[in-house]
Amino acid sequence: MTSNLYQIFIRLNRDERVVISKFGEILLTKGIYVYTGRAQRNLKQRILRHFRKNKVKFWHIDYLSTLNSAKIILVKIFRDQELTECKLVERTMIQFKSQIPIKGFGASDCRTCSSHLIKIESTNLEGCHSYNC
Ligand SMILES: [Zn+2]
């Protein structure tokens, strides 16, 4: 069994306003976002879905990933069974200078994090392909 835990790094090339019923109109500022998720079953399908621009918006992250100005620049898969989405978010926030752009975004089923989508300040992802990154 695998943990099916993943992160997608999305670069947003300009400021965008999106409307999500739960939040109203929100401003997503240009920069790099990291979304941490878990696929219950088919990890490959889930990740490929994130790349599709044309889809019914189901998850919060879909509102960001379907923007024409948004581009997935890195996908990371984690096989550590002990690792949870929340721990991974926490670790990533420490590693990169980060902020939470929208409280409650992409963490509807999580009671401990304020979001599973973070925005990182660093644009230097060099060496970011390793497991520990
Ligand atoms: Zn969490």
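## Contacts and overall dimensions

In this predicted model, 63% of the contacts in the protein chain between residues at least 6 apart in sequence join residues at least 24 apart. Of the 133 residues of the protein chain, 23% count as buried.

The protein chain holds 3 helices and 7 strands. Read from the N terminus, its elements follow the order β-β-β-β-α-α-β-α-β-β. The radius of gyration is 14 Å, close to the 14 Å that the globule rule gives for 133 residues, so the protein chain is as compact as a globular protein of that length. The C-alpha trace spans about 40 × 30 × 30 Å along its principal axes.

## The sheet

An open sheet is formed by 5 strands, arranged E5-E1-E4-E7-E6, and their pairing is antiparallel. Strand E5 (70-78) and strand E6 (98-99) are the edge strands, each of which pairs on one side only.

Within the sheet, strand E1 (residues 5-12) is joined to strand E4 (residues 31-38) by 8 bridges in the antiparallel sense. In this pairing, Ile10 stands opposite Tyr33 in E4.

## Helices on the sheet

Helix H1, made of residues 43-51, lies across E1 and E5. The direction of H1 is at about 165° to E5. Helix H3, made of residues 85-95, also packs on the sheet, where it touches E1, E4, E5, E6 and strand E7 (117-120). The directions of H3 and E4 make an angle of about 160°.

Which residues of H3 are buried? They are Glu85, Leu88 and Val89. Viewed down the axis of H3, these buried residues fall within an arc of 100°, so they line one face of the helix. The strands they pack against are E1, E4, E5 and E7.

Asp80 sits in the loop between E5 and H3. Is this residue buried or exposed? Asp80 has 12 other C-beta atoms within 10 Å; a residue counts as exposed at 12 or fewer, so Asp80 is exposed.

Asp80 can also be placed relative to Thr36. The two residues are 44 residues apart in sequence, and their C-alpha atoms are 14 Å apart in space.

Terms used
Residues numbered from 1 in each chain as written. Predicted model: local features only at pLDDT ≥ 70, side-chain atom pairs only at ≥ 80, totals over all residues. Pairing = 2+ DSSP bridges. Helix = DSSP H or I, 4+ residues; strand = E, 2+ residues; numbered from the N terminus. Contact = placed C-beta atoms within 7 Å. Axes fitted to C-alpha atoms, helices over the stretch in contact; angles between N-to-C directions. Buried ≥ 20, exposed ≤ 12 C-beta atoms within 10 Å, placed from the backbone. Arc of directions from axis to C-beta. Rg over C-alpha atoms; globule rule 2.2 N^0.38 Å.
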